[in-house]
Amino acid sequence: MVGFGPADVPPSAAVKFVGAGTAACIADLLTFPLDTAKVRLQIQGESKTSTAPGKGPTVKYRGVFGTITTMVRTEGPRSLYSGLVAGLQRQMSFASVRIGLYDSVKAFYTKGSDHVGIGSRLMAGCTTGAMAVALAQPTDVVKVRFQAQARSPGQVRRYCSTIDAYMTIAREEGISGLWKGTAPNIARNAIVNCTELVTYDFIKDTLLKSTSLTDNLPCHFISAFGAGLCTTVIASPVDVVKTRYMNSALGQYRSVLNCAAAMMTKEGPLAFYKGFMPSFLRLGSWNVVMFVTYEQLKRAMMAANHNSTSLL
């Protein structure tokens, strides 16, 4: 493992691209149960079967760890990692673009200037976020569908494998079904990418300029944690609508706006913050693991490239 000291030479775009995808996969492996708990809490209350006749909605999941405990007890430990294959496919294609290309796109907007304003950072975040969604949307749809389906005995499973999910969705809903929820996902990722990357970028720059911290582990940790908190607060409403719409049966909602309106009418405004705590725990820990790993992978890959070049 490369030391935690600051790097002297900026990494190439290729190093950032590969490093971001790899770091995101590592972060997903460690935080996936929290993401699954978030999805279950977000969709709770939307189905007709969740309400008993003459009674209020049946609440199956309560809280982050209560959801995880219930899933392990009723569906087994493997249920916490349902959809992991699609999740890793998503991160390898998605994070590589939205995170790995962020600095390159930011440099494009600033035309190589050393002064980087907030506008250039926001534009770069929106651009790479939209590019990533256009590329990786099918993997996101399949991941959400797998995380949402219960594995209880006697429960008819919606899909039996990742490949089966891709094929079934394409056959029953058309190719466009694999890009279901693209609009809210672009909105979500414009928000997430801008908040996450711009906040990390801004906090890191501020710490380096205004404190005694250097470009090392403590700086990366604080910046990543702050980015995770800000992103969860701002992006939760769009994330919940995106999850509900992606997981919905064909014809359940007429549009994304109809989905949001149905949530507001039937469940109230707090429905848009369902799963907030697992979202924060997941996104906060995901950001810390991803950014710290990403910074170190960049340096490791640069060192390996430098050593191989020196041998030539």
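Helices (H or I, at least four residues) and strands (E, at least two) are DSSP runs, numbered from the N terminus. This is a predicted model: local features need pLDDT of at least 70, side-chain atom pairs count only at pLDDT 80 or more, and totals for chains, interfaces and linings use all residues. Residues are numbered from 1 along each chain as its sequence is written, and side-chain values use heavy atoms, with hydrogens and water left out.

View 1. From the N terminus on, its elements read α-α-α-α-α-α-α-α-α-α. The protein has 312 residues, and 52% of them count as buried (under 20% relative accessible area; exposed is over 50%, partly exposed in between; 1.4 Å probe, protein chains only). Take the contacts (heavy atoms within 4.5 Å) between residues at least 6 apart in sequence: 78% of them join residues at least 24 apart.

**View 2. Gly87 sits in helix H3 (residues 84–98).** Gly87 counts as buried because its relative accessibility is 0%. Set aside its neighbours within four places in sequence, and Gly87 is in contact with Asp28, Phe32 and Lys143. Gln147 is 60 residues from Gly87 along the chain, yet their C-alpha atoms are separated by 9.8 Å.

**View 3. Helices H1 and H8 cross at roughly 80 degrees.** Two packed helices are described by the angle between their axes and the distance between the axes. Axes are lines fitted to C-alpha atoms, for helices over the stretch in contact, and angles run from 0 to 180 degrees between N-to-C directions. The axes of H1 and H8 come within 9 Å. The two helices are therefore roughly perpendicular (65 to 115 degrees; under 35 is roughly parallel, over 145 roughly antiparallel, the rest oblique). H1 contributes Lys38, Val39, Gln42 and Ile43 to the contact, and H8 contributes Asp239, Val240, Thr243, Arg244 and Asn247.

**View 4. Helix H8 (residues 217–247) also packs with helix H9 (residues 256–267).** Their angle is about 110 degrees, and their axes are 10 Å apart. H8 and H9 are therefore roughly perpendicular to each other. On the H8 side, Val240, Val241, Arg244 and Tyr245 make the contact. On the H9 side are Val256, Cys259, Ala260, Met263 and Glu267.

**View 5. Leu30 lies in helix H1 (residues 13–43).** Leu30 counts as exposed because its relative accessibility is 60%.
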